[in-house]
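Dear colleague,

Please find below the structure that I am handing over to you. I would be grateful if you could look through it alongside the notes that come after it.

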Amino acid sequence: MVKKSAAFPAGLYAMLLFALAWLTLPRVFAPLERWLVGSACFVPRVGSAWMGEPAMAGNREELALIGELSADLRDRVKRHDFAGSGITMPNDDKSILCGVLSVGRRGGGGEPSELLLDHTYAELGDYREIVTKGSVLLGFLLKPGVGRAVDDKADDPARVILCNHRDAPRLYAGLESKDGTQLRFVIEPAASVDPAPLRVDFWDDPYRASKLQESQQRVYTLPVMFGQERVPGGLLVGRTRRWGYEQDDGQDTLTIGMFVTPAVAPRALSHVVVWQSGEHAAPPIEFQSSLRARRRIQATVYDLPGATHGRHMLVADEDVPDGAAVVQDGLFLGSARGLCLGSALVTSFAASRQDWSLLFLPPEGEGGPVELHGSVVRTDGNVAWLRWTGPSREQLARLGEGFLFTGSNGKFCPACLWIGRAVPDQFERNLLKVIVPVLRGPRIAEVIVAERDV
C-alpha cells in the first residue's frame, strides 16, 4: 500500500510569512495595525457613554501649585542656562534658549554627538558657531549646506555637533594643577570605545602631566584665533578622568592617558543656548518655534481594564500623533500612541519603559533645575522608580526632595509638564522615587498636536 504524502499547508506557510514580514517591517504594516487596534477599541469607545461624566482637573489649590511650579521652573531654566555664559562674547550679542528635539549619532566614548534643535536655521538668523549652557561649552552649530549639514536646508531643524563629534574642532584648554600652576593641552574627540567622550593630547609639559594623580579636575577653554575668535576662553568643558595602571607596593598609579568627561551628559540635555550676532540679531524667540507643536485639542481619557497599570484610552475629534503629550491643566497624564478614528492608547509615566529627558526642580532657593536622562525600572501603584544618569557632581548634591517635570522629548512633548513629586531612593543612589498623582475614571484632557495644514 502506497502512503500518500501530506498536502502542502500553503495557508499555514502564508500566515507565517505574513507574521514574519509584520515583525521585520513594522513601519510598512503600522497603518494596518493602527486600524485593527483602533477598531478593537471601538466597542469600549461606544460603551464610554455609560462610564460616567468626564471629570475636570483637580482642586484649585493643586492647580495653583502646579501653575506656580511650572512658572518657577521656566524662570529658573532661563536664569541657569543664561547665567555666566559668554563672558568674552561681544556685549551686543543676543542669546536664544532652544529646546532639543533629538540626540543621535554615536561619538566619542559611545555617547551621542549630535543634537537637533526646535528652531530652524532661518529662525536663528545670523548666529555664531558656539553653543553653550550656562558657563559650559557644549558644541558647535552647523551651517546648512556645509560639511556635516550638506543636505540641510534653511527650514530644517538646526543641527549641533557636540565636542565629542568626530568632525568637531580641537579645543585649546587648560587645568590648574595641585601646585597652582596651569597645564595646557589640546582636547579632541575620543574614539567610540574610549572610556570618556574627549581625549587630552599635546600637553605643554608632558613630564608634569605624567605625574598627575588627581581626577575630576575642571577643564576650561583657552582663547584661540582661527582667523576670527572661534572659541572664547573661560568656558567649562568638563572634568578630567585619569587612565592608567595600578602599581604594587602602594606606589602612585602610572598615568598613561587623560580623558575629559563633559560637564553635561548629552542624553540629558533639554535646552541649549545659541548666540546671535549683535549686528543682525532677531527678536528673542525663547520657547517659540515652528518646529515645536503647541496646538492643543480637547480629548477624553477613559480607564481600560487594568487601568491601575497605567493604560488608558483617549478619544479626540482628530487624529493623534505618536508620542503626543496628554495633559490635564499642566499635569502630565502620559504619552499617546495614535490609532484610527481619533482614538489613541495612553501610557502613563509610571507604566512607561521608554527613555525620558527630564527636569528635576529642587526646592526654591536651591539653584537651577537638574537635567536628567532615565527610564522607569519598576512601579508600585502610583509610585515609580526612575533610574537616571546625567547630573554633575554639584548637581548630584542637590538631588534631595523636589519635583519632576518632562524635559524636551520630541516635537509633541515639550518641557515643563509636571509629573509628580520625587525623592532619592534610600537604598540605591541612582534611583529616584517618583510619586505620581492618582486619577480614576473618565477625565477631560488636552493633547498636544501639530498645527493644521493651511
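This is a predicted model: local features need pLDDT of at least 70, side-chain atom pairs count only at pLDDT 80 or more; totals for chains, interfaces and linings use all residues.

The protein contains seven helices and 26 strands. Of its 454 residues, 47% are buried. Its exposed surface comes to about 23,200 Å², and carbon and sulfur atoms account for 54% of that area. As for contacts between residues at least 6 apart in sequence, 62% of them link residues at least 24 apart.

The largest nonpolar core comprises 102 residues, and the members that touch the most others are Leu117, Leu314, Phe349 and Leu404. Both domain 1 (41-62 + 292-449) and domain 2 (93-280) contribute at least three residues to this core.

Two cavities of 30 Å³ or more were found. The volume of the largest cavity is about 110 Å³. Its lining consists of 13 residues, and those nearest the centre are Leu138, Leu162, Cys163, Pro262 and Val264. Strand β4 (residues 136-141) is the element that gives the most to this lining, supplying three residues.

Two residues may be set side by side. Thr120 belongs to strand β2 (residues 112-120), whereas Ser215 sits in the loop between α6 (206-210) and β9 (218-221). Thr120 has a relative accessibility of 5% and is therefore classed as buried, the cut-off for that class being under 20%. Ser215, by contrast, has a relative accessible area of 35%, so it is classed as partly exposed, a class that lies between the 20% and 50% limits.

Their surroundings can be described in turn. With neighbours within four places in sequence set aside, Thr120 contacts Ala154, Asp155, Asp156, Pro157 and Ala158, together with Ser290 and Leu291.

With kind regards

Technical notes:
Residues are numbered from 1 along each chain as its sequence is written. Side-chain values use heavy atoms; hydrogens and water are left out. A nonpolar core is a set of buried Ala, Val, Leu, Ile, Met, Phe, Trp, Tyr and Cys residues joined through side-chain atoms within 4.5 Å. Buried means under 20% relative accessible area, exposed over 50%, partly exposed in between (1.4 Å probe, protein chains only). Domain bounds come from an automatic or database domain assignment. Helices (H or I, at least four residues) and strands (E, at least two) are DSSP runs, numbered from the N terminus. Contact means heavy atoms within 4.5 Å. Accessible areas come from the Shrake-Rupley method with a 1.4 Å probe; for residues, only the protein chains shown count as cover. On a 1 Å grid over the protein atoms alone, a cavity is a set of points where a 1.4 Å probe fits but cannot get out, and a pocket is an open set with protein on both sides within 12 Å along at least five of seven lines; lining residues have an atom within 4 Å of a point. Grid points are joined across faces, edges and corners, and a volume is the space filled by probe spheres set on the points.
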